[in-house]
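Here are my notes on this one, point by point. Have the coordinates open as you read.

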Amino acid sequence: MSGGDDGGYERGRRVRKASKWVGILAILFAVSAPILYEQEQTKTASTLAALNGIEDGQVLRPIGGRIYTAGELRQRLESLPRRVLAADLILAGLMAGLWVWARRSPLPAIACALAMFVVVQVVGGIYSPASIFEGLLVKIFALVALIKGLRSALEARAALRTPPA
Amino acid sequence: LSDPELVRCRGCAVMNPPGFRECIACGTLMPRVEQTKATPASTAADHLRGLLGAQRARGVLRLFVGLVCLVVAAAVARALAVAPAIVELVIRLTFVLLAVVCGLAARPEVGALLTRSGGWRGMVLAVGGFGVMVSVGALYFRGLGWLGFLPDGGPDVYIESGWPRWTPYLLHAAAPAVTEEVIFRGYAMARLDEVLSARESLIVQAALFALLHLGAIIFPSHFAMGLLFGALRRRTRSLYPGMLVHAGWNATITWAELAGLRFP
């Protein structure tokens with residue numbers, strides 16, 4: 001039925017697995033959004049409490065090389081939990097979109113999902129190095145499945161141009 | 001393999017019996033039989049071209065890894081309290097270097113895009129694209145501001161460091177427009193075109209462009225910009241209209257931020 005293409009089946013299995021992982025990541029981002037929102041709210045509440053006695057116009061020590069006034073920092077901290085929630089929901093939406101696209105065109109969808117996953121991990125690691133080790137096993141499984149899926153989808157594109165036997 | 005009734009899956013290249021909705025191996029949706037176009041038979045030359053294209057497309061992966069390393073290096077420099085203006089300058093210079101390397105690596109494709117001006121049609125499209133971008137971008141960023149999402153610094157780091165007022169326009173507006181167009185619309189799009197369809201490569205380069213601006217909240221706007229610049233490059237077969245719109249948008253933002261306006 002498949003023309004005896006055993007390598008093709010293995011390739012197909014990897015592509016399917018990678019596509020599934022794109023869907024799983026969408027669900028994980030959506031589920032983690034409210035949890036991270038709650039965590040950020042608790043964290044920022046304690047920092048805002050520390051800023052309570054400081055005047056809005058007072059200049060603070062540089063944070064990450066940038067100088068903020070207490071008012072600016074307060075404004076940023078107040079919006080931080082909402083930023084985290086919005087970022088997670090956008091990522092969940094994007095991953096869900098890529099999962100749908102992967103059903104039609106796996107190669108570009110898996111490539112975009114892998115790039116997005118790597119960038120999210122790198123940026124998360126920069127802002128909070130401890131976050132690299134959170135859910136490490138799931139991250140490794142996702143990364144391996146996406147890389148294998150990408151390689152298989154690339155091989156498939158090359159095989160599409162193979163002349164008939 | 002040569003059975004004419006079998007349909008090849010675009011996802012994994014496995015041959016499927018006709019009438020199947022999904023590929024039996026990878027689950028990719030199969031085109032309906034009446035939708036499948038009769039494609040000319042592949043030749044050995046096609047096969048070689050496919051292998052070469054897949055090999056060349058790996059350059060985009062190397063570029064992506066390089067840009068991620070640059071992001072990490074910049075974060076390390078900021079953590080080591082290197083002056084923000086110096087970090088920004090080094091990032092811009094690295095982009096110039098990358099653009100030169102990318103231009104040389106894809107000399108025929110990028111060269112062709114740089115020798116065409118785009119003509120009057122390109123200028124008209126650029127002006128129209130800029131108008132659309134400013135209107136939609138202003139609404140989008142105003143919406144973000146209304147939700148309390150403030151932009152994270154930018155051109156004012158040069159002014160804070162006592163640099164002349166024209167430096168943000170050069171380093172934050174003009175230089176990124178030229179280098180990013182050469183890298184994403186020149187090199188990446190040309191390489192992706194070798195393994196993906198025109199629509200797919202347009203979407204993937206826009207996604208990479210948006211991702212490397214590092215912000216989930218600004219991803220939708222930058223993805224749309226990537227699509228617009230990519231479409232301009234396709235329509236005009238030149239990088240200049242995209243560079244003009246890109247530089248115009250960056251200059252508008254730089255001016256607005258330096259003037260202390262909440263636009264965009």
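1. Let's start with the cysteines. The sulfur of Cys112(A) has its closest cysteine sulfur in Cys26(B), 17 Å away, and that is too far for a bond. Cys112(A) is also buried, at a relative accessible area of 5% (buried is under 20%, exposed over 50%, partly exposed in between, using a 1.4 Å probe and protein chains only). For Cys26(B) the closest cysteine sulfur is that of Cys9(B), at 3.6 Å, again too far for a bond. Cys26(B) is buried too, with a relative accessible area of 5%.

2. A word on what you're looking at. This is a predicted model, in which local features need pLDDT of at least 70 and side-chain atom pairs count only at pLDDT 80 or more, while totals for chains, interfaces and linings use all residues. Residues are numbered from 1 along each chain as its sequence is written, chains are lettered from A and ligands numbered from 1 in the order in which they are written, and side-chain values use heavy atoms, with hydrogens and water left out.

3. On confidence, the predictor gives the complex an ipTM of 0.84 and a pTM of 0.85. Chain B has an average pLDDT of 85, and 89% of its residues score at least 70 (pLDDT is the predictor's confidence in each residue, from 0 to 100). Within chain B, the mean is lowest in helix α5 (residues 156-160), at 78, and highest in helix α7 (residues 198-211), at 94. Helices here are DSSP runs of H or I, at least four residues, numbered from the N terminus. Where pLDDT is low, the predicted coordinates should not be read in detail.

4. Now the packing. The largest nonpolar core has 89 residues, and Met95(A), Leu98(A) and Leu146(A) touch the most other members (a core is a set of buried Ala, Val, Leu, Ile, Met, Phe, Trp, Tyr and Cys residues joined through side-chain atoms within 4.5 Å). Helix α3 (residues 106-127) of chain A gives the most to this core, eleven residues. Beyond neighbours within four places in sequence, the contacts of Met95(A) include Val22(A), Phe29(A), Ala113(A) and Phe117(A) (contact means heavy atoms within 4.5 Å).

5. What about Pro34(A), buried or partly exposed? Pro34(A) is partly exposed, with a relative accessible area of 44%, and its place is in helix α1 (residues 6-50) of chain A.

6. Helix α8 (residues 219-236) of chain B checks out on length: at 1.5 Å a residue its 18 residues should span 26 Å, and the end C-alpha atoms are 25 Å apart, which agrees (the expected span is 1.5 Å times one less than the number of residues). Among its buried residues are His222(B), Met225(B) and Arg233(B). Arg237(B), which follows α8(B), has a positive phi near 55°.

7. Lastly, the rings. There are six aromatic pairs over all chains (rings of Phe, Tyr and Trp, the last by its six-membered ring, pair if their centres lie within 6.5 Å; planes under 30 degrees apart count as stacked, over 60 as edge-to-face and the rest as tilted). Phe141(B) and Trp249(B) make a tilted pair, 6.2 Å centre to centre with 35° between the planes. Both Phe141(B) and Trp249(B) are buried. Phe184(B) and Phe209(B) are edge-to-face, at 5.5 Å and 75°.

Note on methods: Helices (H or I, at least four residues) and strands (E, at least two) are DSSP runs, numbered from the N terminus. A disulfide is a pair of cysteine sulfur atoms within 2.5 Å.
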